[in-house]
Every structure is written in C-alpha cells, then in structure tokens.
Amino acid sequence: MGVSFVKSQLVMNEMEKLLILVLMLATCGATPQDLSGKVFVFPKETNRDHVKLLTSRVKLNSLTVCMRFKTDLSRNYGLFSLATPSISNNFVLFKPSTGGVMRVHALDGGTDFLSLSFSPNTWHSMCATWRSDNGLAQLWVNGKPTIKRFIKAGVINGAPITILGQEQDSYGGGFDATQSFLGMITKLHMWDYVLSDAEIKRYVDDTQFTPGNIFNWRALDFQVVGDVFVEDQ
C-alpha cells in the first residue's frame with residue numbers, strides 16, 4: 001500500500017506539472033487586449049457561457065480584485081471564481097439571493113459581508129482584498145469599506161483557472177445555470193497584494209491607479225466560451 005500511495009502521489013504531481021505547462025503555453029500564445037471603454041456582456045442564464053482569464057502565476061500570497069458590474073438579478077450568482085487543481089473555491093466572489101450580502105471564499109473557507117447595497121440595473125464598483133498571513137478579507141462597495149472578516153490563512157498554490165460569469169464547483173467546470181451571472185462586467189483588475197486604501201479610492205474614482213499585475217483590463221489575456229460579448233460600455 002505504501003508503494004501504491006507513493007506512485008499515486010507521483011502521478012498527481014506530474015499531472016499538476018502538465019497542467020501548469022499547458023496553462024503557461026496557452027497564456028504565452030494569447031494576445032493581451034486593451035478593453036478600455038468595453039464591457040463583457042453576459043446575456044443569458046446558462047451552465048456554459050463564461051470568460052476565462054489567463055495567467056502563468058501559480059502562487060498567490062495575498063490579493064486584491066476590483067471590478068465594476070451591473071445586473072438585474074435577484075437570485076444568487078457568481079461574479080469571480082478562481083480554482084486550482086486541489087481547491088475549487090480558492091478565491092470566489094459570490095452574491096447570494098439574500099439582499100445586501102456578498103460572500104467571499106478563500107482556500108475553501110468563506111464568510112458573508114452584510115448590510116451592503118446592490119441596487120438592480122445600476123453600476124457597482126467592488127474591490128475585495130485577502131491576506132494570506134492572517135486570513136483577513138475586506139470589501140469596498142461603491143467606495144465604502146466594510147469591516148474586516150477572517151476567512152482562512154495560507155497560500156494559494158497551483159495552476160489557477162479563473163472564471164467570470166460562472167462559479168466553479170470543480171476545477172474548470174461544475175457550472176450551475178441557476179448560479180450564472182447575467183449582466184455586464186468591466187474594468188476588472190487583480191493584484192498579488194493588498195492595495196492601500198488610497199489606491200482603492202483611486203480605482204473607485206478611476207484616477208491614475210496602478211493597473212493589476214495579475215489581470216489588467218487594459219492588457220487582458222482572456223478566452224470567451226459561448227455567448228459572451230465584448231461591447232462598448
């Protein structure tokens with residue numbers, strides 16, 4: 001049994017190396033696009049349509065994700081889903097059907113941020129931060145910071161698959177149409193560190209902020225799967 005276990009671990013390690021290589025090759029082959037003045041349009045409920053964001057990074061100690069979005073949904077939906085081979089909920093932004101709540105997952109842990117406002121058919125700006133050293137997360141919704149809540153400490157390791165418009169229940173899949181996003185997303189950026197309050201305010205005000213060094217809306221590597229459209233804002 002010991003030999004079998006070692007062999008299985010070796011196979012899993014080789015498979016993960018192969019996944020990382022494939023992801024790096026796909027990223028190298030992609031041409032970054034400047035999406036300034038553009039939006040992703042998600043026009044229908046589906047268990048397939050999504051946008052895949054591409055990066056060769058395989059380790060994240062901390063992060064910040066910022067975006068603007070607009071929807072008329074009152075049910076739950078996934079906005080941002082980052083999975084690795086070992087953990088499907090490595091970093092997720094998920095809107096439950098409960099009004100005024102945004103759920104954030106990190107390293108398979110999760111917490112709900114409460115008493116927020118997400119009016120329908122209105123553009124909302126949102127930034128989410130998470131620190132690996134102490135597990136603390138925070139949201140900024142329409143320029144207003146929430147309290148800080150504990151999720152889980154640790155490091156995100158492994159080749160990531162990052163999805164907009166769906167929530168991954170497995171690595172790169174497991175989509176549920178009833179959790180799909182309908183609406184528009186724009187100005188998405190992701191950094192491998194926690195932005196300062198001043199930098200987040202510059203993003204909210206759209207005034208000379210430092211673009212994301214993982215995902216940058218002005219130079220974005222992405223793949224569209226299904227009926228998601230790039231339109232003028």
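## Aromatic contacts in the predicted model

Phe40 is buried, with a relative accessible area of 0%; buried denotes under 20% relative accessible area, exposed over 50% and partly exposed the range in between, for a 1.4 Å probe and protein chains only. The model is predicted, so that local features need pLDDT of at least 70 and side-chain atom pairs count only at pLDDT 80 or more, whereas totals for chains, interfaces and linings use all residues. Residues are numbered from 1 along each chain as its sequence is written, and side-chain values use heavy atoms, with hydrogens and water left out.

Rings of Phe, Tyr and Trp (its six-membered ring) pair if their centres lie within 6.5 Å; planes under 30 degrees apart count as stacked, over 60 as edge-to-face and the rest as tilted.

| Pair | Centre distance | Plane angle | Class |
|---|---|---|---|
| Phe40 and Phe222 | 5.2 Å | 70° | edge-to-face |
| Phe69 and Phe118 | 6.0 Å | 35° | tilted |

Phe40 in strand E1 (residues 38–42) and Phe222 in strand E17 (residues 222–225) are 182 residues apart; strands (E, at least two residues) are DSSP runs numbered from the N terminus. Phe222 is also buried, at 14% relative accessibility. Together with Trp217, Phe40 and Phe222 form one aromatic cluster.

Phe69 belongs to strand E4 (residues 62–70), while Phe118 lies in the loop between strand E8 (109–113) and strand E9 (124–131), 49 residues apart. Both Phe69 and Phe118 are buried.

Charges also sit over rings, a term requiring NZ of Lys or CZ of Arg within 6 Å of the ring centre and within 35 degrees of the ring normal. Arg68 lies over the face of Tyr203, 4.8 Å from the ring centre, and the charged end of Arg218 is placed over the ring of Phe209, 4.7 Å from its centre.

Note on methods: Helix = DSSP H or I, 4+ residues; strand = E, 2+ residues; numbered from the N terminus.
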